[in-house]
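Here are some exercises to work through with the model open beside you. Try each task yourself, then follow the solution step by step.

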Amino acid sequence: MAENTDTQTTTDERTLRRAKRQAMLDAGVSPYPSHFEPTAFSADLEVRYKDLPDGEFTDDVVTMAGRVRAIRNQGKIAFLSLQDRQGQIQLFFRVNNLSESDWELLKTVDLGDIIGVTGPVMRSRRGQLSVAPHSLVMLSKALRPLPEKFHGLSDKETRYRQRYADMIVNPDVLETFKKRSRMIAAVRRYMDGEGYYEVETPILQYTLGGANARPFITHHNALDMDFYLRIATELHLKRLIVGGMDRVYEIGRQFRNEGMDQTHNPEFTTLEAYRAYSDIEGMKELAEGIFKAACHEICDSEQIVYQGTQVDLSGTWRSATMAELVSEVCGRELSIDSSLEELRAENDKHSLAWEPSWGAGKLLFNLYDELVEQTIVNPTFVCDYPVEVSPLAKRKPSDPRLTDRFELVICGHEYANAFTELNDPVDQESRFADQVAAKAAGDDEAMEYDQDYVRALEYGMPPTGGIGIGMDRMAMLLCDQPSIRDVLPFPHMRPEIFD
């Protein structure tokens, strides 16, 4: 006796479907025609015929196409559920309405097949808006049955690997990706409306810079030299500011050869924007505007829920210094003026690892990073980062140990990073030198010395505000998804091994 498993059932089903495909070909009918033109879609019909009485037929003939999601045969009539780009609609087939060949074709239709139909709009006696086809065409014969159980944590890996099937059987997944597309379009409209120029910068770069991250390395055969996949667009965008494009932005992919978790993927999408004659205050306004524009596009309110937590995106968002937030959480006043002994002791109190070479700024940042960020719920601009962890940000005039930088934190995660950009070429030289020293000491995430960028600054860059926003994390927030993999159509995974 054959083993009764899902694999065996799938194999048998595929064999039957292949036989149906071959039968169509033998009869001179292509199961994969080249073109079909729908004239109507399900949701539009629901609106247009919302007042159509039960049991009423119209003379309005429409042509529709989509995937078969349900089949119910009852002798000389059949009911099919057709899923198109807008939703689902019922098809009501009667033997007297179809040609003999089309009726025979209907008998071979399987779940998952993509078909095209033409017929009048009607409403069934039970109140179901329907189309009563008088013609049927096979548009794509599905040779593999749709999975029946595609829900739950046990199927997560399969869902991510076979995203196409996940989208077919889980409409909420498809809706998430539609929302993501609308979100990015809304951000573009907002940026364009604010007078920013959208530009493109190199993905292959020969100098590593713009962020502290481990890169992917590839080899350029024609030049016979190694290049990096970019880890940020920052330094090239600021070159354009030097050149006179006073407002620029890019929505594009970044690549960092690092770990994967709920908020990190090695390949991800950011928005980076730079505005001449601005600073971090201007970037706060920009960040609020971008998030609210995206929120209005896909959410009903600025009061949203993320993974069960109420988040208020309305009004003017809070700004607080890192020292203020650390002091609030630790229950004592701590700042960059605190002694090394005091800051080390506070790290030890919370069992946080630290290095003897760290100064007050790095020790303070360690407390924030490990203890504070996770406690922030509503949008908060965390300001005044120590210069040790901000190699591209401008020093604060009131305290050169700190920088004019903020990170936007919501629900314990960073969504944006912004600077009053460093435009002093001598200071930038010094910062790059520090990064080179750090790399030589074993920091494989440190930047390299970008001589061309320093040369660009020597021509003069105006006061500039800059920001980077994680678009994947924004999609997670606004679509209420717990993992970055849930907003990426094709998240990175180990290669699948096929038998």
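Predicted model: local features only at pLDDT ≥ 70, side-chain atom pairs only at ≥ 80, totals over all residues.

**Exercise 1. Find which residues of α10 are exposed and which are buried.**

Step 1. Begin with the exposed side: Glu-341 and Lys-349 of α10 are exposed, where exposed means over 50% relative accessible area, buried under 20% and partly exposed in between (1.4 Å probe, protein chains only). Helices (H or I, at least four residues) and strands (E, at least two) are DSSP runs, numbered from the N terminus.

Step 2. Now turn to the other side. Helix α10 covers residues 340–349, and its buried residues are Leu-343, Glu-346 and Asn-347.

Step 3. These three lie on the same side of α10 because they cover an arc of only 100° around the axis; the arc is that of the directions from the helix axis to the C-beta atoms.

Step 4. Look for the packing partners. The buried residues of α10 pack against α9 (322–330) and α11 (360–372), with contact meaning heavy atoms within 4.5 Å.

Residues are numbered from 1 along each chain as its sequence is written, and side-chain values use heavy atoms, with hydrogens and water left out.

**Exercise 2. Describe the surroundings of Glu-407 and Glu-414.**

Step 1. Check the record: UniProt, in an unreviewed entry, lists Glu-407 and Glu-414 under "binding site". Such annotations may be inferred rather than shown by experiment.

Step 2. Glu-407 is in strand β18 (residues 399–410), and Glu-414 is in strand β19 (residues 413–420).

Step 3. Glu-407 has a relative accessible area of 7%, so Glu-407 is buried. Glu-414 counts as partly exposed because its relative accessibility is 27%.

Step 4. List contacts, leaving aside neighbours within four places in sequence. Those of Glu-407 include Glu-373, Tyr-385 and Glu-414. Glu-414 is in contact with Glu-373, Glu-407, Leu-408, Val-409 and Arg-473.

**Exercise 3. State how much of the chain is buried.**

Step 1. The chain has 499 residues, and 48% of them count as buried.

Step 2. For context, the chain holds 14 helices and 20 strands.
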